Amino acid sequence: MALNNFLFAQCILYFSAFLFGFIAVVPLSENGEDFKGKCLLFTHGMWQNENVTVEKQRFIVDEWGPESACRFSTFIGIISLIFSAVQAWRMLFYLCKGHDDSFFYAFLNLLVSSFVLFVVFLASTLVSIGFNMWCDAITENGNMPNSCEELQDTDLELDLDNSSFYDQFAIAQFGLWAAWLTWLGITILAFLKVYNNYRQEDLLDSLIHEKELLLGRSSRRTSHEDLKSGMI
C-alpha cells in the first residue's frame, strides 16, 4: 500500500511537470514566430523622436538579446516535457503492475532529476531576468506613462508582431517556475526512494549475514554431535 501511494505521488508530479512544460513551451515558441526569430530577452533600446519637427517617438533597438537565451529556454522546456512524459508512463506502468525501480535505477533517476531541476532553474532565471530587462528598456525604467503590459497594445514599429509579448512571457514564466517547483518535489521523492532502498539493501545484507552465521553455527553443532556420537 505504501509503495502504491509513493508511485502514485510520483506519477502525479510527472504529469504536472509535463503540463507545466507544455504551458511554458507553447508561448515561447509563439513569441519566437511573432518576433521572427529575434529574442527580446536582455534586449537594449530606447525611445527617440522620429525627427526634429515631429514629437512622435519610436522605440529603437540598440542590440537584440542573444538568440541562444530564447532557444535554451525553449529547449529546456521541451526536455522537461519529454522526460516527464516518459517517466509518467513508467510510473503508471509500475503502479498498475505493482513493481518498483531497483536501487541502481532509483539512483540514476535521482541524478537525472537533479540535473533537470538545475537546468529548469537556469531557464526560469534567464526568462525572468531577461524579460525584466526588456520591460525596463521599453518603459525606460518605469519613466514611460504606459506599463510594460500596456505597451504590448502599442505598435513598436519593429517590423514584427509585438501584440502579445507580455502575455506570452507571463505565461512562460509561470510554466517554467511551476515546472521547477514540480521537479523539486520529484527530486525529493527520488532521494527518499534511494534512501529507503539503501536502508532495505542494508537490512537485507544484515539478514543474509545473520542467516549465514546461524547456518554456520548449526552445521558446526551438527558436526560436533556426529563426532561425539562416533566416539561413543
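How many helices and strands are there in the protein?

Modeller: The protein has 5 helices and 2 strands, and from the N terminus on the elements follow the order α-β-β-α-α-α-α. Of its 232 residues, 37% are buried. Among contacts with a separation of 6 or more, 78% join residues 24 or more positions apart.

A word on confidence comes next. The average pLDDT of the protein is 83, and 81% of the residues score at least 70. Helix H3 has the highest mean pLDDT among the elements, 91, while helix H5 (residues 165-231) has the lowest, 74. Where pLDDT is low, the predicted coordinates should not be read in detail.

Now to the part you asked for, the pairing of H2 with H3. Two packed helices are described by the angle between their axes and the distance between the axes. Helix H2 covers residues 67-97 and helix H3 covers residues 103-138; their axes come within 9 Å and cross at roughly 150 degrees. The crossing of H2 past H3 is left-handed.

Which residues meet there? H2 brings Phe72, Ser73, Ile76, Ser80, Phe83 and Gln87, and these meet Asn109, Val112, Val116, Val119, Val120, Leu122, Ala123, Leu126 and Val127 in H3. By type, the residues of this contact divide into 11 nonpolar, 4 polar and no charged.

At 1.5 Å a residue, its 36 residues should span 52 Å, and the C-alpha atoms at its ends are 53 Å apart, so the two values agree. Just after H3, Glu140 takes a positive phi of about 50 degrees.

Before you go, here is a spot in the strands for contrast. Gln48 lies in strand E1, residues 39-49. Leaving aside residues up to four places away in sequence, Gln48 touches Lys56, Gln57, Arg58 and Ile60. One of these, Arg58, is 10 residues from Gln48 in sequence, with 5.4 Å between their C-alpha atoms.

Methods
Residues are numbered from 1 along each chain as its sequence is written. This is a predicted model: local features need pLDDT of at least 70, side-chain atom pairs count only at pLDDT 80 or more; totals for chains, interfaces and linings use all residues. Side-chain values use heavy atoms; hydrogens and water are left out. Helices (H or I, at least four residues) and strands (E, at least two) are DSSP runs, numbered from the N terminus. Contact means heavy atoms within 4.5 Å. Axes are lines fitted to C-alpha atoms, for helices over the stretch in contact, and angles run from 0 to 180 degrees between N-to-C directions. A crossing is left-handed if the near helix is turned anticlockwise from the far one by less than a right angle, and right-handed if clockwise. Ala, Val, Leu, Ile, Met, Phe, Trp, Tyr, Cys and Pro count as nonpolar, Asp, Glu, Lys and Arg as charged, and the others, Gly among them, as polar. pLDDT is the predictor's confidence in each residue, from 0 to 100. The expected span of a helix is 1.5 Å times one less than its number of residues. Buried means under 20% relative accessible area, exposed over 50%, partly exposed in between (1.4 Å probe, protein chains only).
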